Amino acid sequence: MKLKLLSTKPIIRFRNILDTATVLFWVLLFIGFQSNAQELTLNNALSHKKNSIIKIASYTAQGDLENLKIALHDGLDNKLTVNQIKEVLVHLYAYAGFPRSIRGLQTFLQVLEDRKNTEILDERGVEASPITDSRDKYDRGKEILETLVGRSLDGPKPAYQEFSPELDRFLKEHLFADIFERNVLTLQQRELVTISVIASLGTLEPMLKSHLNLSLNVGWQPEQLREFTKVLDGTTTTENAKAAKLVLKEVLDNRK
């Protein structure tokens with residue numbers, strides 16, 4: 001008696017379905033892993049060095065020297081170099097004034113002495129290179145500012161610059177040539193210092209809006225800036241932190 005063989009087609013079809021499902025599972029798992037990795041990268045992007053920069057700039061701008069000491073210790077522990085922190089404290093004088101900057105530097109010297117006495121040797125880091133560009137300082141500063149804003153500045157000037165052309169010259173020659181042109185900090189880092197100071201001082205929303213746009217222009221991502229505003233919750237007043245969140249939302253909405 002001949003046995004009737006069952007068709008193998010349903011089995012093959014079932015195996016193909018399983019293989020497709022398996023492949024789909026691994027593809028989705030890989031995409032999820034990549035998404036989580038990207039999310040972790042963004043969430044952690046400000047968790048060490050950059051987080052410390054925000055805190056150092058914020059506390060210095062407000063004259064909160066006790067919390068600044070803690071932030072300076074943390075910054076060094078997070079492997080910011082001595083020269084990077086010094087440059088943060090120098091940079092912010094343009095926005096918070098010489099008195100705050102000098103008090104920050106004095107506090108930093110005390111922290112370094114305390115760490116030296118406990119045999120902690122912190123990395124000095126690279127020194128600022130001499131600026132060798134011999135072009136007119138106004139033109140150099142204007143060029144750097146154009147890089148930040150992403151457009152030419154040859155059009156009509158803001159009303160305050162028309163009213164006070166000397167201030168326009170000071171901004172171009174000193175702020176954007178003498179300070180932004182220095183190379184210990186990147187343009188990204190300098191903008192991070194700037195928005196940290198402006199947000200912490202409060203009631204400077206128009207300037208904060210401008211520099212948040214510049215921060216996006218030099219490479220900061222929206223999620224990173226949202227995290228920046230969360231750090232402010234612990235460094236400045238509730239009103240200042242809330243205002244920074246509202247300004248950032250407006251900036252991001254306008255760029256959609």
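Me: Before we get going, what makes a stretch of chain a helix here?
Reply: A helix is a DSSP run of H or I with at least four residues, numbered from the N terminus. Keep in mind that this is a predicted model.

Me: Which helix gives the most to the lining of the largest pocket?
Reply: That's helix 9, with 8 residues. Helix 9 spans 165–179. Helices 5, 7, 8 and 11 each supply at least two residues as well.

Me: What makes a residue part of that lining?
Reply: A lining residue has an atom within 4 Å of a pocket point. For the largest pocket there are 30 of them, with Leu145, Tyr160, Gln161, Leu171 and Phe176 lying nearest its centre. The space inside comes to about 760 Å³.

Me: How do the lining residues divide into nonpolar, polar and charged?
Reply: You get 18 nonpolar, 6 polar and 6 charged.

Me: What does Ser200 touch, leaving out residues up to four places away in sequence?
Reply: Ser58, Gln62, Leu232, Thr236 and Asn240. Touching here takes heavy atoms within 4.5 Å.

Me: And how do you know that Ser200 has a polar atom close enough to Ser196 for a polar contact?
Reply: The cut-off for the N or O pair is 3.5 Å. A polar side-chain atom of Ser200 lies 2.7 Å from the backbone oxygen of Ser196, within that limit.

Key
Residues are numbered from 1 along each chain as its sequence is written. This is a predicted model: local features need pLDDT of at least 70, side-chain atom pairs count only at pLDDT 80 or more; totals for chains, interfaces and linings use all residues. Side-chain values use heavy atoms; hydrogens and water are left out. A polar contact is a pair of N or O atoms within 3.5 Å; within protein, one must be able to donate a hydrogen and the other to accept it, and residues adjacent in sequence count only if both atoms are side-chain atoms. On a 1 Å grid over the protein atoms alone, a cavity is a set of points where a 1.4 Å probe fits but cannot get out, and a pocket is an open set with protein on both sides within 12 Å along at least five of seven lines; lining residues have an atom within 4 Å of a point. Grid points are joined across faces, edges and corners, and a volume is the space filled by probe spheres set on the points. Ala, Val, Leu, Ile, Met, Phe, Trp, Tyr, Cys and Pro count as nonpolar, Asp, Glu, Lys and Arg as charged, and the others, Gly among them, as polar.
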